[in-house]
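This report walks through one protein model, from charged pairs to helices and rings. Please keep the sequence and the 3D view at hand while reading.

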Amino acid sequence: MAGRPREFDRAQALQKARDAFWMRGYEGTSMADLVSMLGLASARIYAAFGSKEDLFREAVVLYETSEGSFATSALAEEPTARRFVERLLRDAIDIYTRPDLPKGCMVVSAATNCATENDNVLHWLAERRLARNALIVERLKKGVRDGDLKPNTDPEALGDYYTTLLFGLSVQARDGVPKKRLHDLITVAMPALDGFVSQA
């Protein structure tokens, strides 16, 4: 009589799946890859997580609530829009270049191009990137309302600029640009906002 299948740590399996998707992307990670990475038969993966897409979505949420939570931490903890933006960018670099993690941002790199049958994954990630842009723009608008940014500040243009920089940092980190060079880039980029910081 066959014994019962060995138990597995679902949270640990999800973390391994997250890292696989983060490193290789949605389409670049096959079920065979997940079987190998998680050490589980495909039937057990489906039973525990549903479809590959369901597992991917859960893995992205795990990323956003762990390593990818730097934006919400900066939003909650920094008292001014200027300090929020700089911390957001610098914390992103520190995460994107950590030697013990895949490089870059999972939400940026996991599915920028997909086969037609996976368009829903592509659009779902695009919505999450747009939400990050909206968060940055809204924080800049709050800076204008609070008076730490001048009334003539354009929150949308600045928010789009820093969002583009944030996502570009992910690409640069994946390409192996050194951490110091990325931090130097932030020093160059911050004067775009400094000109709108209120001195009052």
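A residue is called buried if its relative accessible area is under 20%, exposed if that area is over 50%, and partly exposed in between. The model discussed here is predicted.

## Overall layout

The protein has eleven helices and zero strands. Its C-alpha atoms fill a box of roughly 80 × 35 × 30 Å along the principal axes. Of the 200 residues in the protein, 42% are buried. Among contacts with a separation of 6 or more, 69% join residues 24 or more positions apart.

## Salt bridges

How many salt bridges does a search of the whole structure find? The search finds 18 salt bridges.

| Residue | Partner | Distance (N to O) |
|---|---|---|
| arginine 57 | glutamate 53 | 2.9 Å |
| glutamate 77 | arginine 87 | 2.7 Å |
| arginine 87 | aspartate 91 | 3.0 Å |

Take the pair of arginine 57 and glutamate 53. Both residues belong to helix α4, which covers residues 52-65. Because they are four residues apart in that helix, about one helical turn separates them. Is glutamate 53 buried or exposed? Glutamate 53 has a relative accessible area of 17%, so it is buried. Arginine 57 has a relative accessibility of 24% and therefore counts as partly exposed.

The side chains of glutamate 77 and arginine 87 also meet in a salt bridge. Glutamate 77 lies in helix α5 (residues 70-77) and arginine 87 lies in helix α6 (residues 81-96), so this pair ties together parts that are ten residues apart in sequence. Glutamate 77 counts as exposed because its relative accessibility is 51%, while arginine 87 is partly exposed at 22%.

Aspartate 91 is partly exposed, with a relative accessible area of 22%. Arginine 87 and aspartate 91 also belong to a network of salt bridges that links them with Glu77, Glu78 and Arg83.

## Helix α6

Does the span of α6 agree or disagree with its 16 residues? At 1.5 Å a residue, the helix should span 22 Å, and its end C-alpha atoms are 22 Å apart, so the two values agree.

The buried residues of α6 are Ala81, Phe84, Val85, Leu88, Leu89, Arg90, Ala92, Ile93, Ile95 and Tyr96. What covers these buried residues includes α4, α5, α8 (119-146), α9 (155-174), α10 (179-189) and α11 (191-194).

## Helix α10

Which residues of α10 are buried? They are Leu182, His183, Ile186 and Ala189. Seen down the axis of α10, these residues fall within an arc of 115°, so they line one face of the helix. The buried residues of α10 pack against α6, α9 and α11. On the other side of α10, Lys180, Arg181 and Val188 are exposed.

## Aromatic rings

The count of aromatic pairs comes to seven. In one of them, phenylalanine 21 and tyrosine 26 are stacked, with 6.1 Å from centre to centre and 20° between the planes. Both phenylalanine 21 and tyrosine 26 are buried.

Why is the pair of tyrosine 161 and tyrosine 162 edge-to-face? Planes over 60 degrees apart count as edge-to-face. The planes of tyrosine 161 and tyrosine 162 are at 70°, so the pair is edge-to-face, and the ring centres are 4.7 Å apart. Tyrosine 161 is partly exposed, with a relative accessible area of 38%, whereas tyrosine 162 is buried at 0%.

Ring pairs also link Phe21, Tyr26, Phe56 and Trp124 into a cluster. Tyrosine 26 has a charged neighbour too: lysine 52 lies over the face of its ring, at 4.5 Å from the ring centre. Arginine 132 lies over the face of phenylalanine 70, at 5.8 Å from the ring centre.

Methods: Residues numbered from 1 in each chain as written. Heavy atoms only, no water. Salt bridge = Lys/Arg side-chain N within 4 Å of Asp/Glu carboxyl O. Helix = DSSP H or I, 4+ residues; strand = E, 2+ residues; numbered from the N terminus. Buried < 20%, exposed > 50% of the residue type's maximum accessible area, 1.4 Å probe, protein only. Expected span 1.5 Å × (residues − 1). Contact = heavy atoms within 4.5 Å. Arc of directions from axis to C-beta. Phe/Tyr/Trp six-rings, centres within 6.5 Å; stacked < 30°, edge-to-face > 60°. Lys NZ or Arg CZ within 6 Å of the ring centre and 35° of its normal.
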